[in-house]
Amino acid sequence: MRKAFTALAVAAAVVASGGFAEAKTFKWGFQTDTTSLDPHAHNVTFTLGFLGNIYEGLVRRDADLKFEPGLATKWENLEPTRWRFHLRKGVKFHNGNDFNADDVLFSYERTNNEDANLRGRVVGITEVVKIDDYTVDFITEKPNPIIYYEWDTWFIMDKEWSEANGATTPTNMSKGVESYAAHHENGTGAFTITERQTDVKTVLVPFDGWWDKPQHNLTEVIMTPISQDATRVAALLSGEIDMVFPVPVQDIDRVNKNGGTSVLVGPELRTIFLFFDMFRDELLYSNVKGKNPFKDLKVRQAMYHAIDIEAIKKKIMRGLSDPSAIMISPKLFDRSEGFQRLPYDRDKAKALLAEAGYPDGFETRMDCPNDRYVNDEQICQAIVSMLAKVGIKSTLVAQPKAKYFAAIAPKGGSDYAFGLLGWTPGSFDSWNVIWNLLSTPTPDKGRGLYNYSGYSNARVDELAELIGVETDKAKRDALIEEAFQITTNDVATIPLHQQALAWGKRDNVELRQRADNQFRFYYVNVK
Amino acid sequence: MVAFILRRLAQSILVMLVVSLVAFFMFQFLGDPVNQMVGIDTPEAEREALRERLGLNDPLIIRFGKFVVNAAQLEFGLSYQHKSPVTDLLLERLPATIELSVVSAIIAFALALPAGVYTGLYRNRWSSKAMLTLSLVGISVPTFLIGILFIYLFAVVLGWLPSYGRGDVVTLPGGWTTGLLTVSGLKAIVLPALTLGLFTLTLIMRLIRAEMLEVLRTDYIKFARARGLTNRAVNFGHALKNTMVPVITVTGLLLGNLIAFAIITESVFQWPGMGRLFLQSIQEVDLPVMSAYLVMISFLFVVLNLIVDILYYVVDPRLRVEGHGGGH
């Protein structure tokens with residue numbers, strides 16, 4: 001008996017160590033399906049992350065989000081408003097067509113279309129010039145130091161294929177004409193789709209003609225959407241699937257305790273923060289009449305001091321958050337270490353409130369989404385009770401994201417006193433944060449669109465303009481630091497934390513977790 | 001009879017109109033669909049342009065009018081989220097939902113019939129009481145929870161059945177996909193069908209039992225026994241047959257329920273049916289999908305009602321004597 005058992009164990013070990021050259025099928029699941037296969041139609045993180053396995057941009061980000069050459073081998077800023085991209089030679093699309101400058105020009109035209117949600121990727125470009133088959137110049141209206149920062153997800157399509165199949169534009173929403181590219185792909189990427197049933201499964205195989213050297217050992221990849229948290233975790237625990245994400249925080253322990261599976265945890269880029277109405281002369285939903293307490297810096301500081309961020313981390317996020325002192329992930333800004341949170345200090349908070357003329361505090365309301373960020377409603381509940389302890393009594397209104405975002409938008413009447421929001425800068429760059437969240441709201445300039453605090457500071461506005469066109473990194477970083485310094489001192493918002501990513505996987509799977517929650521399976525090895 | 005069917009179909013149009021009108025008004029409270037379609041840093045001008053192109057700025061009554069005119073031509077537009085024709089999205093998922101509902105109805109009915117008769121006939125036996133108590137579980141525990149319990153027991157702990165999905169499917173001529181012809185497909189349908197059918201099973205079983213108890217007390221049963229007929233003839237030939245009218249009504253309507261409310265089961269088991277699509281579309285405020293789904297479901301209910309009415313004619317001879325009133 002024991003002998004038989006040993007033999008079995010040895011056999012198992014041989015299989016486990018990859019002793020047999022066998023097909024490596026890798027199955028994984030996410031909570032939704034990719035919205036479509038069209039690389040220009042949907043600005044959805046998961047969709048773009050998934051398509052990044054099939055299509056490629058001129059630049060690429062590695063597992064640590066650092067830039068590396070993609071379809072362009074190098075790029076240079078010839079003059080402030082002219083960027084030159086040198087294209088990679090010998091790249092093939094999945095159908096065998098060659099990649100060249102015409103495809104880049106075509107992809108630009110296709111993206112610069114009202115039905116392309118990725119139009120923002122190419123905004124501000126006045127002309128794209130083909131210098132030769134493998135050199136392309138982008139001419140911009142204003143100097144743009146970060147022109148390519150989001151081009152790792154601006155994917156290049158094949159001109160000939162698109163023209164032959166009537167896929168020269170994304171699906172036309174007003175005419176109701178569906179694009180061929182919504183259900184078919186022809187990228188240059190590491191994997192190509194062999195079978196796709198929308199919402200059921202998508203099967204991919206490695207693309208033999210890929211220009212880069214594969215780092216994975218897969219022969220087949222099967223992606224299945226599993227929307228229910230419990231079912232997704234069960235699929236992993238039962239061994240039906242090799243990797244799932246996201247794993248809800250309350251299930252992480254169970255996945256780790258189950259033999260053969262574990263959760264890979266890492267910080268995400270999104271910053272969760274509080275904003276408050278600093279623009280109305282009288283606060284909504286408050287017993288304070290005729291004035292707005294949030295206009296007073298001392299009140300905002302008091303709120304900051306009243307929040308016990310470590311308790312939120314421990315009790316609500318179960319350790320899976322990184323308390324943050326600025327409005328951007330420290331991964332994305334080199335000088336973030338100089339910033340400190342205002343310490344949790346209830347007495348200080350009460351003293352500040354008394355100084356501001358509210359010794360007994362005041363009443364107000366907090367608005368919160370309940371299906372958008374990790375444990376968003378629970379975080380809000382905790383904040384409401386923490387503020388109540390220093391005298392700021394608020395009622396909590398938590399609602400689904402579709403309603404919440406409509407209500408707090410200026411178009412919906414900016415219906416809030418204070419609330420909770422999360423922000424990931426699409427370009428992974430501080431300018432995006434300063435421009436959208438901290439500059440004076442000026443809708444016709446497209447500035448401060450999500451500055452729901454209504455915070456306004458002339459120097460910050462000026463800095464935002466300068467950062468937008470400064471091409472020298474050291475100078476630019478200094479400007480960014482100054483802007484963050486001013487807004488932090490003014491408590492324009494209260495940053496809370498960066499939430500964590502949780503990917504569940506079987507122990508025999510090796511992969512790289514990217515902080516932007518994009519999953520590239522060209523890093524996956526199954527043992 | 002033909003006039004009756006035509007009248008019913010005409011009524012169905014009215015029902016669908018009312019349902020879609022109510023739905024249209026409710027959609028106002030779901031939030032802004034454009035918000036769900038674009039990235040968070042999309043400028044307001046672009047959002048406004050999109051809203052305009054989707055016709056969301058038109059007054060409600062005009063949007064409703066357009067919807068009705070298009071729906072009359074079976075044209076439901078493009079899904080905001082998927083950017084695909086809604087009709088395609090629904091038709092693609094229809095077979096999965098129908099298969100799940102029908103299989104769970106069959107399971108429910110096949111188990112409920114003998115169980116109902118048994119508990120009706122032998123109402124004092126402990127086994128009857130055990131069955132009734134157990135059936136309370138089916139009616140009182142939420143589907144969602146039962147589904148998750150099944151998954152943990154049969155997929156994670158025992159590893160007998162898959163926890164999600166529909167297994168391998170075969171495409172039949174006409175585009176209908178079926179999972180009933182493959183082993184993995186058959187395995188995959190067991191848990192969701194049981195979960196979905198449990199409530200129906202309990203309901204039908206209790207209904208049959210109650211009806212049996214009622215009928216067994218009537219004079220014609222006593223008379224039949226007095227005539228010396230066998231127990232089998234009395235119980236099944238006379239008693240059961242007469243319990244069938246209300247049972248058919250309820251079963252018919254429950255089948256509609258199974259299809260319409262497969263939403264939760266589909267969502268728990270990642271069953272690729274229409275219910276999941278509908279659930280997603282609510283979260284994303286995908287108005288075209290929601291409208292089309294609701295219209296379709298209301299049509300389905302009308303049709304099922306019609307079939308039930310026709311079955312009455314078949315089962316109950318009294319109804320066949322139209323216009324003569326008597327028989328009571």
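Among contacts in chain A between residues at least 6 apart in sequence, 68% join residues at least 24 apart; two residues are in contact if their C-beta atoms, placed from the backbone, lie within 7 Å. For chain B, the share of such contacts that join residues at least 24 apart is 70%. The structure is a predicted model, in which local features need pLDDT of at least 70 and side-chain atom pairs count only at pLDDT 80 or more, while totals for chains, interfaces and linings use all residues.

Chain A has 14 helices and 19 strands; here helices (H or I, at least four residues) and strands (E, at least two) are DSSP runs, numbered from the N terminus. With a radius of gyration of 25 Å, close to the 24 Å that the globule rule gives for 527 residues, chain A is as compact as a globular protein of that length. This radius is taken over C-alpha atoms, and the globule rule is 2.2 Å times the number of residues to the power 0.38. The C-alpha trace of chain A spans about 75 × 75 × 45 Å along its principal axes. Of its 527 residues, 47% count as buried. A residue is buried if 20 or more other C-beta atoms lie within 10 Å of its own, exposed if 12 or fewer, and partly exposed in between, with C-beta atoms placed from the backbone.

Chain B contains 14 helices and two strands. Its C-alpha atoms fill a box of roughly 85 × 60 × 40 Å, again taken along the principal axes, and 38% of its 328 residues are buried.

Where the chains meet, 37 residues of chain A are in contact with 40 residues of chain B. On the chain B side, α2 (33-37), α3 (44-53), α7 (143-157) and α11 (262-268) each supply at least two residues. The most comes from α7(B), which gives five residues. By type, the chain B side divides into 18 nonpolar, 14 polar and eight charged residues. In this count Ala, Val, Leu, Ile, Met, Phe, Trp, Tyr, Cys and Pro are nonpolar, Asp, Glu, Lys and Arg are charged, and the others, Gly among them, are polar.

Attention now turns to the interior. In soluble globular proteins, nonpolar side chains tend to be buried together. The largest nonpolar core holds 202 residues, and those that touch the most other members are A:Val244, A:Met303, A:Ile434, A:Ala483 and A:Ala502. Such a core is a set of buried Ala, Val, Leu, Ile, Met, Phe, Trp, Tyr and Cys residues joined through C-beta atoms within 7 Å. The largest share of this core, 13 residues, comes from helix α8 (residues 183-216) of chain B. Leaving aside residues up to four places away in sequence, A:Met303 touches A:Leu387, A:Ile392 and A:Ile494. A:Ile434 lies in α12(A), where A:Trp431 and A:Trp435 are also among the buried residues. Helix α12 (residues 430-438) of chain A is mostly covered, with nine of its nine residues buried. Its cover includes β16 (418-423), α13 (458-469) and α14 (473-489) of chain A.

Strand β7 (residues 135-140) runs antiparallel to strand β5 (residues 82-87), and five bridges join them. Six bridges join β7(A) to strand β6 (residues 125-132), also in an antiparallel manner. Strands are said to pair if DSSP finds at least two bridges between them. A:Ile139 of β7(A) stands opposite A:Arg82 and also opposite A:Glu127. β6(A) and β7(A) form a hairpin, with two residues between them.

Finally, some backbone details stand out. Most residues other than glycine have a negative phi, and most peptide bonds are trans. The peptide bond from A:Phe245 to A:Pro246, however, is cis, with omega near -5 degrees. A:Pro246 sits in the loop between β11 (243-244) and α6 (252-257) of chain A. A:Leu65 has a positive phi, near 70 degrees, and belongs to the loop between β2 (59-61) and β3 (67-69) of chain A. This leucine, A:Leu65, is partly exposed, with 15 other C-beta atoms within 10 Å. Phi is positive for A:Asn517 as well, near 65 degrees. A:Asn517 lies in the loop between β18 (509-510) and β19 (525-526) of chain A and counts as partly exposed, with 19 C-beta neighbours inside 10 Å.

Note on methods:
Residues are numbered from 1 along each chain as its sequence is written. Chains are lettered from A and ligands numbered from 1 in the order in which they are written.
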